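Student: Could we go through this model together? I would like to start with its overall make-up and then turn to the details.

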Amino acid sequence: MATSLESWMKELNDASRLAEDINSMISDKGSLPPSGPETQRHMSAIRRKITILGTRLDSLESILLKLPSKQPITEKELHKRQDMLSNLRSKAKQMASALNMSNFATREELLGQSKKSDEINRTTGLDNNGMVVLQRQIMKEQDEGLEQLEETVLSTKHIALAVNEELDLQTRLIDDLDEHVDVTDSRLQRVQKRLAILNKRTKGGCSCLCLLLSVVVIVMLAVVAWLLFTHL
């Protein structure tokens, strides 16, 4: 059975692979047109994955804060994991910044808190009993903070889903419009070809009619001249 430390590391590796996937998608953006339905779908997928990555990093940080109370862990190992998480979060911020995602924030930014230095100051001068009481109080504060974070994440998730649905709808409408434009253009080309053929036929018919009229006029003039000559 996997321990909490192993599960945490597995989730961190999953988050790292997600970050690599996002980075690859950002690199592929250069091969797409500057605008269009395909580009919009690609950018929406990147932003959606960055939001998922941020949620996973917040969850990893929350779990890491609770690890010492659930499973023995050395201070060195704890700092090592904190550094790994911090590096991954920095990469996520850079990718979000590249896409102008100003709403991408860390757990501390969402809660409006920065507790690490405060927790260190609060432990100064406490005995074992005081440490236990303080630890319980900190865990209670963390639970309250996590509840607030959960509400924020759920609200953000609902907004993201609504935006994604709207983008999908707009993309489908644009695709339908492109299809109708192509059909209309094809029909217009066929009509233009038919008009050109009709125009040529009309010109040919006019030429024949004019020639026929000329012949009739000449014949009539010849008859009139002959009549005049016979009577004279």
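Predicted model: local features only at pLDDT ≥ 70, side-chain atom pairs only at ≥ 80, totals over all residues.

Student: Understood. What percentage of the protein chain counts as buried, then?

Tutor: Of its 232 residues, 22% count as buried.

Student: And how many helices and strands are there?

Tutor: The protein chain has 6 helices and 0 strands. Read from the N terminus, the order of elements is α-α-α-α-α-α.

Student: What about the surface? How much of the accessible area belongs to carbon and sulfur atoms?

Tutor: Carbon and sulfur atoms hold 59% of the accessible surface, which comes to about 16,900 Å² for the protein chain.

Student: Which share of the contacts joins residues 24 or more positions apart?

Tutor: Among contacts with a separation of 6 or more, 76% are between residues 24 or more positions apart.

Student: Let us turn to the helices. At what angle do H1 and H2 pack?

Tutor: Helix H1, residues 4–28, packs against helix H2, residues 37–70, at an angle of about 160°, and their axes are 10 Å apart. H1 is therefore roughly antiparallel to H2, since an angle over 145 degrees counts as such. H1 passes H2 in a left-handed crossing.

Student: Which classes of residue make up that contact?

Tutor: The contact of H1 with H2 has 19 nonpolar, 2 polar and 6 charged residues.

Student: Now H2 and H3: are they roughly parallel or antiparallel?

Tutor: H2 and helix H3, residues 75–98, pack at about 165° with axes 10 Å apart, and they are therefore roughly antiparallel to each other. Their crossing is left-handed.

Student: Which residues of H2 and H3 meet?

Tutor: On the H2 side they include Ile50, Leu53, Leu57, Asp58 and Glu61, and on the H3 side they include Leu78, Arg81, Leu85, Arg89 and Met95. By class, the contact of H2 with H3 has 12 nonpolar, 1 polar and 4 charged residues.

Student: That leaves H1 with H3. What is the angle for that pair?

Tutor: H1 and H3 pack at about 20°, with their axes 11 Å apart. That angle makes H1 roughly parallel to H3, because angles under 35 degrees count as roughly parallel. The crossing of H1 and H3 is left-handed.

Student: Which residues of H1 and H3 meet?

Tutor: Among them, Leu5, Trp8, Met9, Leu12 and Ile26 in H1 meet residues of H3 that include Arg81, Met84, Leu88 and Met95. By class, the contact of H1 with H3 has 12 nonpolar, 2 polar and 1 charged residues.

Student: I would like to change topic to single residues. Is His42 buried or exposed?

Tutor: His42, which lies in helix H2, counts as buried because its relative accessibility is 16%.

Student: What does His42 touch?

Tutor: Leaving out residues up to four places away in sequence, His42 touches Met25, Asp28, Lys29 and Leu32.

Student: And where does Leu146 lie?

Tutor: Leu146 lies in helix H6, residues 128–231. With a relative accessibility of 19%, Leu146 counts as buried, because the cut-off is under 20%.

Student: How many Å separate the C-alpha atoms of Leu146 and Asp58?

Tutor: Their C-alpha atoms are separated by 9.6 Å, although Leu146 and Asp58 are 88 residues apart along the chain. Asp58 is also one of the H2 residues at the contact with H3.

Note on methods
Residues numbered from 1 in each chain as written. Heavy atoms only, no water. Axes fitted to C-alpha atoms, helices over the stretch in contact; angles between N-to-C directions. Helix = DSSP H or I, 4+ residues; strand = E, 2+ residues; numbered from the N terminus. Parallel < 35°, antiparallel > 145°, perpendicular 65-115°, else oblique. Left-handed = near helix turned anticlockwise from the far one by under 90°. Nonpolar A, V, L, I, M, F, W, Y, C, P; charged D, E, K, R; others polar. Buried < 20%, exposed > 50% of the residue type's maximum accessible area, 1.4 Å probe, protein only. Contact = heavy atoms within 4.5 Å. Areas by Shrake-Rupley, 256 points an atom, 1.4 Å probe, with all protein chains shown as cover.
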